[in-house]
Amino acid sequence: MTTSIETDQVHSPRPWTALLQDSAVLAPVRLVACDMDGTLLEEDGSVPGPFWVLARALHEKGIKFVPSSGRQLATLQHLFSPASGLSFVAENGAIVEADGEVVFRHTLDQSAVDQLIDRVRELQTEGTDAAVMVCGSDMAYMESTEAHHQAAAMPYYRHFTVVPDVKDVTTDVMKVAVYVGNAAAEMTDELRAVSGDACRTVHSAPHWVDVMNIDTNKGRGLQELMDIQGLNSSEVLAIGDFMNDVELLEVAGVACVVANAHPDLAAHADYVIPANTDHGVLQLLDRLLQVV
């Protein structure tokens with residue numbers, strides 16, 4: 001999408017009705033990159049039932065559907081196991097899988113990992129409800145034995161284990177996820193300062209802050225897939241709801257946000273579609289199938 005905005009003018013995406021009228025912009029689309037939580041998924045974290053019929057129709061028309069999420073790759077693979085021919089952008093772009101093969105990994109410097117672990121431990125000592133998750137490519141590791149920390153991790157990390165000391169984990173680290181309860185928005189800047197200039201720190205979910213390599217984001221992961229498949233931006237549709245979707249939207253030729261999206265994300269979108277609770281993504285996919 002075009003992101004240049006006049007300094008004295010706030011960009012506003014066009015409404016859903018405009019996209020219905022502008023459906024010709026969907027005709028070239030050959031790849032749909034879609035965020036999960038707050039975008040496609042139901043409020044309970046499940047995939048809407050009608051999605052599977054649409055996914056099969058997309059596959060038959062040669063359109064790649066790409067779940068793009070801060071979630072673990074194993075979690076996405078399990079969630080979408082009934083579908084065929086998917087690729088995945090996982091861990092906010094740190095891991096990319098194309099047609100069953102991991103084609104891209106981006107690791108985090110160990111010194112930054114250790115600094116984040118130390119700061120989370122300090123927060124815990126200060127009385128903050130905090131926990132740290134160290135994410136490898138196949139397994140995530142947590143020190144906390146608190147039930148609510150583990151419950152908060154389960155939707156995002158199908159494969160995680162509790163260890164006595166996450167600093168003892170010997171694996172390439174894709175991401176550090178920090179649980180800070182309702183203080184995630186406020187803690188993002190502090191954790192950004194702790195992790196340093198070599199890292200990218202994003203408020204990725206209501207209770208979580210994610211820290212990755214500075215060059216890691218969903219847009220970078222999407223670009224890797226586009227390069228592999230020889231696609232240009234006009235052939236890519238992206239949909240998101242939260243600030244870790246900014247680069248995903250900027251890479252795509254058609255960028256959409258759901259009506260329930262973070263208000264600051266609108267500046268990076270071309271269109272607003274109905275909310276996830278109104279199955280806006282499903283409505284958009286149905287419209288796409290009508291015009292391609």
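## The six-stranded sheet

In this predicted model, six strands form an open sheet in the order S8-S7-S6-S9-S11-S10. The pairing is mixed. Strands S8 (160–162) and S10 (199–205) stand at the edges. Each has a single partner strand, so one side of each is left without a neighbour in the sheet. From one strand to the next, the twist averages 25°.

S6 (residues 131–135) and S7 (residues 140–142) run antiparallel and are joined by three bridges. Cys 135 has Ala 140 in S7 as its bridge partner.

## Helices on the sheet

Helix H7 (residues 184–195) packs on this sheet. H7 touches S9, S10 and S11. Its direction makes about 165° with that of S10.

Helix H5 (residues 110–125) lies across S6, S9 (175–179), S10 and S11 (208–213). H5 runs at about 160° to S6.

Where does S12 sit, buried or exposed? Strand S12 covers residues 236–240, and five of its five residues are buried. Both faces are covered. Val 236, Ala 238 and Gly 240 lie on one side, Leu 237 and Ile 239 on the other.

S12 pairs with S1 (residues 31–34) in parallel, through four bridges. Leu 31 stands opposite Val 236. S12 also pairs with S13 (residues 254–258), again in the parallel sense and over four bridges. Here Ala 238 has Ala 255 as its bridge partner. The chain goes from S12 through helix H9 (residues 246–251) to S13. This β-α-β crossover is right-handed.

## The whole chain

The protein chain has ten helices and 14 strands. Its radius of gyration is 19 Å, close to the 19 Å that the globule rule gives for 292 residues, so the chain is as compact as a globular protein of that length. The C-alpha trace spans about 55 × 45 × 35 Å along its principal axes.

Of the 292 residues, 56% are buried. Among contacts with a separation of 6 or more, 59% join residues 24 or more positions apart. The accessible surface comes to about 12100 Å². Carbon and sulfur atoms account for 48% of that surface.

Methods
Residues numbered from 1 in each chain as written. Predicted model: local features only at pLDDT ≥ 70, side-chain atom pairs only at ≥ 80, totals over all residues. Heavy atoms only, no water. Buried < 20%, exposed > 50% of the residue type's maximum accessible area, 1.4 Å probe, protein only. Helix = DSSP H or I, 4+ residues; strand = E, 2+ residues; numbered from the N terminus. Pairing = 2+ DSSP bridges. Right-handed = clockwise from strand over helix to strand, strands pointing away. Rg over C-alpha atoms; globule rule 2.2 N^0.38 Å. Contact = heavy atoms within 4.5 Å. Areas by Shrake-Rupley, 256 points an atom, 1.4 Å probe, with all protein chains shown as cover. Axes fitted to C-alpha atoms, helices over the stretch in contact; angles between N-to-C directions.
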